[in-house]
Amino acid sequence: MYNKVYVEITNICNMSCSFCHGHKRAPKQMSTEEFSLILEKLKNQTKYIYYHLMGEPLTHPKLPEFIKMAGERGYKSIITTNGTLLKKRGAELLSAGLHKVNLSIHSFEKGSDAEHARYIEELAEFAVKAVEKGTIAVFRLWNKGVDNGKNELALNLLKKSISGDWTENTRGIRIRDKIFLEWGDRFEWPDSNAEIKGNEFFCYGLKDQFGILSNGTVVPCCLDSDGVIALGNIFTEDIETILNSERALKIVEGFKLKTASEELCKRCGYAQRFV
């Protein structure tokens with residue numbers, strides 16, 4: 001069983017962040033029927049569903065319905081969001097039974113300090129409400145060294161907005177029960193036109209995760225934004241057959257030996273973190 005499966009319910013985003021690789025695919029939102037089929041086919045594959053590869057999950061009008069559907073079938077739902085739509089949609093999201101929300105506050109790149117403060121305060125208010133509903137809230141600052149001073153500002157604003165222990169750990173800070181802050185370095189997305197990154201490679205793709213793009217294409221990990229490593233299509237094929245295909249197994253065996261069978265993987269900065 002996989003630790004998680006990334007299900008891209010939409011590849012549409014309401015922002016255009018400098019750190020995001022983006023994609024070249026046609027805009028697509030999954031239908032209720034398509035998402036229901038995926039839930040059925042993922043039975044016995046995972047318990048945790050993440051609602052993105054590309055795209056902002058909260059732009060999908062059916063997101064709360066999808067979370068309820070997943071919960072009824074025994075899955076736990078986790079979303080990663082830039083948070084800009086939470087003031088409008090936060091209440092319905094929490095009512096749906098969300099397990100965890102990752103708040104990418106490094107998404108705020110433009111705007112005044114006053115606008116930044118308003119943004120952080122709104123997300124802090126949401127996080128407190130989330131915990132009251134039993135939802136885990138994690139603030140992400142995955143831009144160490146390239147934040148132009150905004151991380152310190154965000155940290156100070158969060159401390160003013162959320163009372164807690166604020167205990168440091170290996171990943172970041174435990175603010176209080178079920179509320180955390182994670183530090184992280186900005187990473188390089190894999191790109192077919194990029195240079196090869198090294199001589200050894202390792203990835204958890206197809207080991208503890210895989211992804212499903214909005215058109216049903218199954219990919220090895222959450223960073224294959226354009227479906228370059230298309231293993232099959234979950235809408236038309238059996239997921240066991242896809243995951244046990246010759247191409248998929250070569251990827252898995254290659255990483256065991258610290259090698260990459262796919263050219264895209266050789267050009268992934270993230271695959272260097274685990275060597």
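A cavity here is a set of points, on a 1 Å grid over the protein atoms alone, where a 1.4 Å probe fits but cannot get out, and its lining residues have an atom within 4 Å of a point. Keep in mind that this is a predicted model, where local features need pLDDT of at least 70, side-chain atom pairs count only at pLDDT 80 or more, and totals for linings use all residues. Residues are numbered from 1 along each chain as its sequence is written.

View 1. Searching the whole structure for cavities of 30 Å³ or more turns up 1. The largest cavity has a volume of about 110 Å³, counted as the space filled by probe spheres set on the points. Look for Pro-190, Cys-203, Pro-220, Cys-221, Asp-224, Ile-229, Phe-255, Leu-264, Cys-265, Cys-268 and Ala-271 around it. By class, that makes 10 nonpolar, no polar and 1 charged residues, with Cys and Pro counted as nonpolar and Asp as charged.

View 2. Strands are DSSP runs of E, at least two residues long, and helices are runs of H or I, at least four.

**View 3. The partners of β5.** Two strands pair if DSSP finds at least two bridges between them. Strand β4 (residues 100-104) runs parallel to β5, joined by 5 bridges, and Ser-104 has Arg-140 as its bridge partner. Strand β8 (residues 179-183) also pairs with β5 in the parallel sense, over 5 bridges; here Val-138 is partnered with Phe-180.

Terms used:
Heavy atoms only, no water. 1 Å grid on protein atoms, 1.4 Å probe; cavity = no way out; pocket = protein on both sides within 12 Å on 5 of 7 lines; lining within 4 Å.
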